[in-house]
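Open the model in your viewer and keep the sequence panel beside it. This tour names what to select at each stop and says what is there.

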Amino acid sequence: MLQATDRAKVQRHTIRTLMLTQVFGGVGLAAGATVGTILAEQLSGRTDLAGLGGTFQTLGSALLALPIAAIAHRAGRRPSLATAYAAATLGALVIVAASALGSFALFLIGSALLGGATAANSAARYAAADLALPEHRGRDLSLVVWVTTLGSVLGPNLAGPAAPVARALGLDVLAGPFVISALALLLSAGVMWMRLRPDPLLLSRTLAGAPDHQRKGSIARGWAAIRNHQVAAQGIGMMALAHMVMVSVMVMTPLHMVHGHATLAVVGFVISGHILGMFAFAPIWGIGADRLGAPIIALLGGAILMVAAFLAGLSAAGFSVTITVALFLLGLGWSAAFVSGSILLVGPLDVSERPGAQGLADLLMGLTAASGGALAGVVVQHWGYGWLAHLALIGAFAIMALAALAHVGQRAVARHVG
């Protein structure tokens, strides 16, 4: 039997490995975030289709969630996460080819494959929780979310420096960031494959004495677990709504700013602030959830998202302090809901139920966000960015409602147990 000190040592190695891949993955995802919507508008020639790049990326992440979960259930986190990063590497290269060929359809295919990085970065938080002790689950999970700050804040600011790379390769300057994305994501895949040993999911399964026959039917088992644990379902709802609110507003913000004559460098600065809010404060939310309860943190996240959406709706086109603050708060509120919702999902599930339930959670999270991204372009085209931001208030309020229900439910369970 693995000693407690050995388990802690393996967990520390797991966290360090996941943190390293998150840095590279953050660069890979964020490098193209500044220019993705602009490139989509250029290739399609239509503003109402500009949000489809982000939509397809989110949709790709959702569709890859179940295969990634199935691989994890049967073979472990290492091959699962490495495969997702490899798919994302291919996606970045396809987007570069789409820019060179002027093909919007190829751009959408590449965006969907690039969603593998989102799926991998999301699934990494579950890998961090596989061997974590319950009293430190929020801390360990949030550390992996937090370190994405390093790559994600750097990524958008590479739009300017990537221009010479694009010109040297004979590409449009908007394709340059995706060349950097491909290199960073390839590094993520390699590090994951080489360093994530022993596999945290397989080891946690061994420690729990889970029989081999439980490796079949992961999705069905996960669905049954979600139905049997109301708090897990509420956690999924919070994550899905937060992702929808964040993605729908964020993907149209670069276009909103460029239409007001903001430069790419300024757009990159605002998006960097948004991504800083998404990841930099995750440990605060994780430790807060360990001490105060995840529903309290989710409630706070919903309130922050409401303020963010309200401020974004008041901002004029172009650069302003209002849009900068709004995008930072949009990321901060998402972070609180994302971390707390993840903790609520993982908490009541055993090791045989987790991969399937986690895959279903990320599928739903991706589908709701993809729907929001798709509608975002239409809303901005016909009614403007302000209407889009204020419609997001509905999703933020729903997060707060779910958090309140989860808090009441947990207190009722605590009284019953007591």
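**First stop: two loops**

Select Pro 198, which lies in the loop between helix H8 (176-195) and helix H9 (200-208); helices here are DSSP runs of H or I with at least four residues, and strands are runs of E with at least two, numbered from the N terminus. A cis peptide bond joins Arg 197 and Pro 198, with omega at about -5°. Residues are numbered from 1 along each chain as its sequence is written, and side-chain values use heavy atoms, with hydrogens and water left out. The model is predicted: local features need pLDDT of at least 70, side-chain atom pairs count only at pLDDT 80 or more, and totals for chains, interfaces and linings use all residues.

Next, select His 261, in the loop between H11 and helix H12 (264-279). Its phi is positive, about 70°, although His 261 is not a glycine. His 261 is exposed, with a relative accessible area of 72%. Exposed means over 50% relative accessible area, buried under 20%, and partly exposed in between, with a 1.4 Å probe and protein chains only.

**Helix H10**

Select residues 218-228, which make up helix H10, and find Trp 223 there. Is Trp 223 buried or partly exposed? It counts as partly exposed because its relative accessibility is 48%. From Trp 223 to Ala 233 the distance is 9.8 Å, C-alpha to C-alpha, and the two are 10 residues apart in sequence.

Now colour Ser 218, Gly 222, Ala 225 and Ile 226, the buried residues of H10. They lie on the same side of H10, because they cover an arc of only 100° around the axis; the arc is that of the directions from the helix axis to the C-beta atoms. H3, H11 and H16 are among what covers these buried residues. The face turned away from the buried side carries the exposed residues Ala 220, Arg 227 and Asn 228.

Gly 115 is found in helix H5. With a relative accessible area of 0%, Gly 115 is buried. Leaving out residues up to four places away in sequence, Gly 115 touches Gln 57, Gly 60, Ser 61 and Leu 64, where contact means heavy atoms within 4.5 Å.

Move on to the largest nonpolar core, which has 73 residues; Met 239, Met 252, Leu 330, Leu 345 and Tyr 385 touch the most other members. A nonpolar core is a set of buried Ala, Val, Leu, Ile, Met, Phe, Trp, Tyr and Cys residues joined through side-chain atoms within 4.5 Å. Apart from this core lies another, of 44 residues, including Val 35, Ile 38, Ala 124 and Val 144. Then centre the view on Met 252: beyond its neighbours within four places in sequence, Met 252 is in contact with Gly 51, Ala 376, Gly 377, Val 380, Tyr 385 and Leu 388.

Which residues are closest to the centre of the largest pocket? The pocket has a volume of about 280 Å³, and of its 13 lining residues the closest are Ala 8, Gln 11, Leu 133, Arg 139 and Asp 140. On a 1 Å grid over the protein atoms alone, a pocket is an open set of points with protein on both sides within 12 Å along at least five of seven lines, a cavity is a set where a 1.4 Å probe fits but cannot get out, and lining residues have an atom within 4 Å of a point. Grid points are joined across faces, edges and corners, and a volume is the space filled by probe spheres set on the points.

Helix H1 (4-30) and helix H6 (137-154) each supply at least two residues of this lining, and H1 gives the most, with six.

For the second largest pocket, of about 210 Å³, select Met 244, Ser 248, Gly 372, Leu 388 and Leu 391, which lie nearest its centre among 13 lining residues. Helix H11 (230-258), H16 and helix H17 (385-417) each supply at least two residues of that lining.

**Last stop: a cavity**

The structure holds two cavities of 30 Å³ or more.
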